Amino acid sequence: MGKVTVIVGGQYGDEGKGSIVDFLTQKADIVARCQGGNNAGHTVVIGNKSYKFHLIPSGILHKNKLNIIGNGTVIDPEVLCNEIRQLEQEGVKITDKNLVISSNAHVIQEKHKEEDIKTGSKIGTTGRGIGPCYKDKINRTGIKIYDYLNQNSDKQNFDCIKKLKPLVKDTSFVVNKLLGAGKNLLIEGAQGSLLDIDHGTYPYVTSSNSTAGGACTGLGIGPTKINDVIGIFKAYVTRVGEGSFITELGNYNQCKNENKDEVLNKSDIAKANSGDGYTQGKMLRKQGNEYGTTTGRPRRCGWFDLVAAKYAVMLNGLSMIVLTKLDVLSNFETLNVCVAYEYNNKKLEDFPLQAEILEKCKPIYEKLPGWKEDLTQIKRYDKLPENAKKYIQYLEQKLGVPIFIVSVGPGRDQTIVME
Ligand code: GTP
Ligand code: IMP
Ligand code: MG
């Protein structure tokens, strides 16, 4: 039997799952998406080239790997066609040998996008029609992609139908047969654990299960087939859209008006190191280029939150952790890590599930020493500055799960595998 590894976001999405999936695809035969749609934006950087994927799994750039868009996803057909065209223009040929689409995936229709744009702004959705499409699926009034492609309506884009039809398969059989033949599967989660429809900060969540359980229902594989669940965490936290964010630095309204092209200068760094919260957030945003892949919105930034991270470890049963964007923490004299929340003069160590409690929580921080060195060219763990190693060891010890990869830049070759 082939091995199954699930990759999930440990925070609010954008943890860098795309680049880690691309890296881990070297050892996989199949890469699959199991939930979400083109609300996701995965960036993969190879050499000087940057690829952005919304629906197609991040394994597509590797030769001889099968990529699957599973039944749990929602598909905007035109967006998928454009993504295929874009890849073909860049020399990646798409056939049913490297990309298949589940016949059971649901279709995002025009009315879903219209509804999302009208009603989603309160939540800060991506406006891609995700919630309304899942709503119709659950209500049993949706359209599956197989039916959509075979309905011969004159409103359809025929080029697009012609492109997609040959790729549509009953993927639950495809994937289980390949596993039976010893092929390894990597499942690429989208969004993050705290955006999960059941376990996230409802209603400020996405409309699918972005925790590990979604991998089984979203592909048609049984839980006994899963060998590993890897959680991807940024070395700090970001969030796009509305919703609670206990360790946020500055606030959403301040960062909304920030100019993307403005560069960070020395006086900003000095101000951040004198303890100015908003400037610390801005420093993370600028050094981490924290602007949405899908919407271009500035991402809200804050310190690493162990309370939320431990909740994600529990929900997903994580067996391993990848820590990304460690390079972004350079130049901070002191790093804060949130170890508990304060609520009504009480100390909370478990992530509160009631929105009214969460809203009133304040972070309790422990301080760790920072580092000035640039990490982006470092290839081995033992070459990292002592304080960066301390930071990794501290998080690993607090989370109780091994950190097996640390990334220090967007490139494939900026991934440090721990010895
Ligand atoms: P969602 O599915 O939308 O949640 O996305 P994702 O988890 O795949 O992450 P996304 O690509 O949206 O955001 C991560 C960004 O950080 C991308 O622009 C990556 O190229 C970049 N990135 C990934 N790892 C690193 C890293 O270690 N350091 C730096 N500086 N950038 C990184
Ligand atoms: P929706 O998924 O478009 O309905 O958006 C719901 C919430 O999830 C909003 O706060 C979005 O900003 C957030 N969200 C959805 N997809 C992503 C993602 O891939 N990365 C980060 N946030 C996301
Ligand atoms: Mg993203």
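The legends below describe close-up views of a predicted model.

**View 1**
Two residues of the protein supply donor atoms to the magnesium ion (ligand 3): Asp14 through OD and Gly41 through O. These donors lie 2.1 to 2.3 Å from the ion. Asp14 belongs to the loop between β1 (4-9) and α1 (17-24), while Gly41 belongs to the loop between β2 (30-33) and β3 (42-46), so the pair ties together parts that are 27 residues apart in sequence. With a relative accessible area of 23%, Asp14 is partly exposed. Gly41 counts as buried, because its relative accessibility is 15% and the limit for buried is under 20%.

**View 2**
Ten strands form an open sheet with mixed pairing, in the order β9-β7-β5-β2-β10-β1-β11-β15-β19-β20. At the edges stand β9 (168-169) and β20 (415-417); each has a single partner strand, so one side of each has no neighbour in the sheet. Helix α1 packs on this sheet and touches β1, β2, β10, β11 (228-234), β15 (320-324), β19 (403-407) and β20. The direction of α1 makes about 115° with that of β19.

**View 3. The pairing of β2 with β10, and Thr25.**
Strand β2 pairs with strand β10 (residues 185-188) in the parallel sense, over four bridges. Within this pairing, Val31 stands opposite Leu186 in β10. Thr25 is located in the loop between α1 and β2. Is Thr25 buried or exposed? Thr25 is buried, with a relative accessible area of 0%. Leaving aside residues up to four places away in sequence, Thr25 touches Val31, Gly59, His62, Lys65 and Leu186.

**View 4. His106 and its surroundings.**
His106 is part of strand β8 (residues 106-107). Its relative accessible area is 8%, and His106 is therefore buried. Which residues does His106 touch, not counting residues up to four places away in sequence? They are Thr73, Val74, Ile75, Cys133, Lys137, Gly142, Ile143 and Lys144.

**View 5. Tyr204 in a loop.**
Tyr204 sits in the loop between β10 and α8 (213-217). Tyr204 is partly exposed, with a relative accessible area of 28%. Not counting residues up to four places away in sequence, the contacts of Tyr204 are Lys122, Ile123, Leu195, Arg239, Glu242 and Gly243. Tyr204 and Lys122 are 82 residues apart along the chain, and their C-alpha atoms are separated by 8.8 Å.

**View 6. Helices α10 and α11.**
Helix α10 (residues 266-273) and helix α11 (residues 277-287) have axes that come within 7 Å and cross at roughly 125°. That angle makes α10 oblique to α11. The crossing of the two helices is left-handed. On the α10 side the contact is made by Asp268, Ile269, Lys271 and Ala272, and on the α11 side by Thr279, Gln280, Lys282 and Met283.

**View 7. Helices α12 and α14.**
Helix α12 (residues 306-316) packs with helix α14 (residues 386-399) at an angle of about 55°, and their axes are 10 Å apart. This angle makes α12 oblique to α14. The crossing of α12 and α14 is right-handed. Leu306, Ala309, Lys310 and Val313 in α12 meet Tyr394, Leu395, Lys398 and Leu399 in α14.

How values were computed. Residues are numbered from 1 along each chain as its sequence is written. Chains are lettered from A and ligands numbered from 1 in the order in which they are written. This is a predicted model: local features need pLDDT of at least 70, side-chain atom pairs count only at pLDDT 80 or more; totals for chains, interfaces and linings use all residues. Side-chain values use heavy atoms; hydrogens and water are left out. Donors are N, O and S atoms within 2.8 Å of the metal (3.2 Å for Na, K and Ca); water is not among the atoms, so sites may look incomplete. Buried means under 20% relative accessible area, exposed over 50%, partly exposed in between (1.4 Å probe, protein chains only). Two strands pair if DSSP finds at least two bridges between them. Contact means heavy atoms within 4.5 Å. Axes are lines fitted to C-alpha atoms, for helices over the stretch in contact, and angles run from 0 to 180 degrees between N-to-C directions. Angles under 35 degrees count as roughly parallel, over 145 as roughly antiparallel, 65 to 115 as roughly perpendicular and the rest as oblique. A crossing is left-handed if the near helix is turned anticlockwise from the far one by less than a right angle, and right-handed if clockwise.
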